[in-house]
Amino acid sequence: MHFQKLANLLLISSLSFSTIAANEVDEKILSKDRLDIIDLSKKQNEEKSSKLRKDWINPITLSYSKNYTENYDTIKSMVSINQPIFKSGGIYSAIKYANVNFKYNDLDIETQRKELIKQVTTMLFNLHIIDLNIKKNELLLKNAKIDIERKKEQVLNGFLDTSYLDNAILDANGVKNTLADLYFQKEELENNFNNLASKEYTSFELPQLTLTDKENFLENSLELAKARVDIKQKDYLTNMSISQYLPTLSVNMDYNHYHDTDSNPSIVDETTTNYGVSVSMPLDVRALNDVQTQRIEYLKSKLNLNNIILEEQNFYKTKLSRIDMLERKKNIAKEDYELYDSLLKIIVEEKNAQLKTQSDVDTLANSQKIKSLEVKIYELQKQIELLEVYSKII
């Protein structure tokens with residue numbers, strides 16, 4: 001009996017599922033196509049950012065023309081360059097903006113990756129929860145059937161009114177309906193899981209997550225990291241907006257070469273090169289409005305950071321409260337398990353003394369198993385809450 005009690009305590013003190021390292025969720029839970037899309041998004045971001053860093057460089061214009069007239073035909077090629085080399089800080093800001101834009105998009109891709117992993121891993125946890133709930137309701141159904149037989153006997157012997165038997169039958173039917181719903185929910189959830197996952201849900205080990213502290217959560221928050229990078233983006237965009245209305249120094253060159261002049265006497269040089277420098281500055285009555293608009297965007301992004309800090313703090317507090325609530329419920333289920341264990345010992349002794357029946361023993365044994373399943377369910381629900389926290393940090 002002591003051995004049995006020890007085995008039962010071990011059963012409820014830990015999950016029966018295999019687990020991977022704490023605070024690690026393997027991204028390979030996602031299908032190959034999903035992972036490839038993420039990788040391609042990262043490569044696309046690299047290419048876009050590389051292009052953005054070069055946006056201040058104007059293209060070199062190449063042209064080739066052949067003209068026909070009544071007297072002469074000419075063939076000419078031309079190379080034209082008009083390149084700003086100084087834009088009152090605009091070039092520096094443009095390169096810096098490209099770098100922070102790359103970082104912002106990279107964080108956004110990471111957010112999407114974490115969200116996908118969270119989504120499919122939550123389904124994985126919920127599938128195991130449904131499996132446990134099915135086992136729980138199967139045990140409830142066994143107890144309901146025992147109760148029906150007990151009340152049936154009592155009604156036939158005239159100890160109970162038939163309404164008690166009717167209620168017992170209704171209770172059993174309620175459990176059957178719950179099982180039917182659970183079977184459908186599992187099939188539906190499994191289909192949704194297979195849309196994202198690389199294998200069947202039974203092939204994956206469940207991650208074992210632990211709660212990170214508040215300071216670490218805020219320090220590594222993806223949303224806060226994006227908000228801080230966004231401030232830098234808006235700052236550089238403001239500088240770029242200002243530079244548009246300040247002096248710009250450019251170099252220019254035109255290279256012309258005639259491949260065939262058809263002996264046209266008006267063409268003295270077959271090759272000509274023109275080059276020089278220019279300074280330009282637009283006078284636009286809308287300049288102040290444009291700059292102020294971008295400056296306001298910058299100020300809004302700084303205020304938005306404060307809002308996100310508050311939102312992340314409250315998110316953490318809410319998750320912490322929910323985790324505490326689930327832990328309390330789990331402890332209550334453990335206490336109930338211990339209570340059933342002590343009652344079961346007494347009932348078994350009374351059954352051996354022919355004071356109780358086997359159905360009494362089975363009912364209590366099933367109830368004890370139900371409590372052990374509830375402990376596991378609460379633990380998995382707690383893991384889902386921890387997964388929510390995990391998905392929001394770098």
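## Contact between helix 2 and helix 3

In helix 2, the residues Ile 38, Ser 41, Lys 42, Asn 45, Glu 46, Ser 49, Leu 52 and Arg 53 meet a set from helix 3: Ile 95, Tyr 97, Ala 98, Asn 99, Asn 101, Phe 102, Asn 105, Asp 106, Ile 109, Arg 113 and Leu 116. By class, this contact has 8 nonpolar, 6 polar and 5 charged residues. The model is a predicted one.

Two packed helices are described by the angle between their axes and the distance between the axes. Helix 2 covers residues 32-53 and helix 3 covers residues 90-156; their axes come within 9 Å and cross at roughly 170°. Helix 2 is therefore roughly antiparallel to helix 3, since angles over 145 degrees count as such.

## Overall build

The protein has 8 helices and 6 strands. Read from the N terminus, the order of elements is α-β-α-β-β-α-α-β-α-α-β-β-α-α. The radius of gyration is 37 Å, whereas the globule rule gives 21 Å for 394 residues, so the protein is more spread out than a compact globule.

The C-alpha trace spans about 130 × 45 × 40 Å along the principal axes. Of the 394 residues, 37% count as buried. Among contacts with a separation of 6 or more, 83% come from residues 24 or more positions apart.

Helix 7 takes in residues 287-352, 66 residues in total. From its first C-alpha to its last, helix 7 reaches 96 Å, close to the 98 Å expected at 1.5 Å a residue.

Helix 8 runs over residues 358-390 and has 33 residues. The distance from the first C-alpha of helix 8 to the last is 48 Å, close to the 48 Å expected at 1.5 Å a residue.

## Residues with positive phi

Most residues other than glycine have a negative phi. Gln 354 has a positive phi, near 65°, and is not a glycine. Gln 354 follows helix 7 and sits in the loop between helix 7 and helix 8. Its relative accessibility is 72%, so Gln 354 counts as exposed.

Ser 88 is also not a glycine, and its phi is positive at about 55°. Ser 88 is found in the loop between strand 3 (73-86) and helix 3. With a relative accessible area of 25%, Ser 88 is partly exposed.

Note on methods. Residues numbered from 1 in each chain as written. Predicted model: local features only at pLDDT ≥ 70, side-chain atom pairs only at ≥ 80, totals over all residues. Heavy atoms only, no water. Axes fitted to C-alpha atoms, helices over the stretch in contact; angles between N-to-C directions. Helix = DSSP H or I, 4+ residues; strand = E, 2+ residues; numbered from the N terminus. Parallel < 35°, antiparallel > 145°, perpendicular 65-115°, else oblique. Contact = heavy atoms within 4.5 Å. Nonpolar A, V, L, I, M, F, W, Y, C, P; charged D, E, K, R; others polar. Expected span 1.5 Å × (residues − 1). Rg over C-alpha atoms; globule rule 2.2 N^0.38 Å. Buried < 20%, exposed > 50% of the residue type's maximum accessible area, 1.4 Å probe, protein only.
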